Amino acid sequence: MTHPETNRFITRRRVMQCALAGVATLCLPQLATAQTWQGIAAIRDRVGDAQLSNETLLVTLPLVAEDGSAVPLTIKSSLNSNGPSIRRLAIFAPGNPTPQVAEFEFGLEIETLNLTTRIRLSESQTVIAVAHTDDGRVLIAERDVRVTTSGCIAPGQPDSANEMKARVRVPKTWKQGNTGEVLTMITHPMTTGLAADATGSTPPQRIIKTFNATLDHRPLIRATYHRSLSMNPYLRFDVTPRESGELRFKWTEDTGRVIEHKEKLALAVPNGS
């Protein structure tokens, strides 16, 4: 016969074991629990034989997206400016008609990854980010999001009067050696070719296909967009400029139409330098 005190001790011990197991699971690197990407050929091909890193790639999405046509997405890495840097990033939404969302290449003055955009999600799914470092490693992160209203089938409401109008915001004062935030947006319907318009016809795909940002012709970001990116493509990213110069931004539509924008970047030399 088992003594009641022994039963209580075993119960308490079991609770503690389960609690510790839960903590251990939460503390495991993202890579250990991220498995969805392994079932997607396009991502497996992108990873190839590269070494998978235990460094953290943080993907932030709302738990529930009421409007799947404009879901905010932020991607950051735990890598600091003293170590390897992320040079390529790809975003996937496997539940969309077009799983590829966007691909980015970063120049040397993007020292730390801190990027925000808006994406379309057709249904509840797992969004996946794949990043490559300059020393050949790969970081992978996954985040689940529940979508209430599909963002790929429902047509957007484009602002035709201001179409192809670029908006850019850079810091008013930028100290040498400091990181600053750059925000860019272009007014564009990002027509997916999937949704019928008011007349019942389905217009062909028309999207912003590429975005380029340079500083005195040095590359900052080269981006390729797909129709899974939201209407009015928005991008926020961090830059650590090495010297003053001219920021140039260029958006290219898949029809070949181009819009460009320029901003002067004047760095203030820190006191005592």
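Which strands form an open sheet, and in what order do they stand? Keep this question in mind as you open the structure, which is a predicted model.

Begin by selecting the six strands S2, S4, S7, S15, S12 and S10, which form an open sheet in the order S2-S4-S7-S15-S12-S10, with antiparallel pairing. Next, colour strand S2 (57–60) and strand S10 (166–169), the edge strands of this sheet, each of which pairs on one side only. If you look along the sheet, you can follow how neighbouring strands are turned against each other by 15° on average, with direction ignored.

Now stay within the sheet and select residues 71–77, which make up strand S4, together with residues 114–119, which make up strand S7; these two pair in the antiparallel sense over six bridges. Within this pair, pick out Pro 72 and look across to S7, where Arg 118 stands opposite.

From here, move on to the loop between strand S12 (180–186) and strand S13 (208–215), and select Met 190, which has its place there. Although Met 190 is not a glycine, this residue has a positive phi of about 45°. Is Met 190 buried or exposed? Met 190 is buried, because its relative accessible area is 0% and buried means under 20%.

The last stop is His 217, which you will find in the loop between S13 and strand S14 (218–225). His 217 is not a glycine either, and yet has a positive phi of about 70°. With a relative accessible area of 66%, His 217 is exposed, because exposed means over 50%.

Terms used: Residues numbered from 1 in each chain as written. Predicted model: local features only at pLDDT ≥ 70, side-chain atom pairs only at ≥ 80, totals over all residues. Heavy atoms only, no water. Helix = DSSP H or I, 4+ residues; strand = E, 2+ residues; numbered from the N terminus. Buried < 20%, exposed > 50% of the residue type's maximum accessible area, 1.4 Å probe, protein only. Pairing = 2+ DSSP bridges. Axes fitted to C-alpha atoms, helices over the stretch in contact; angles between N-to-C directions.
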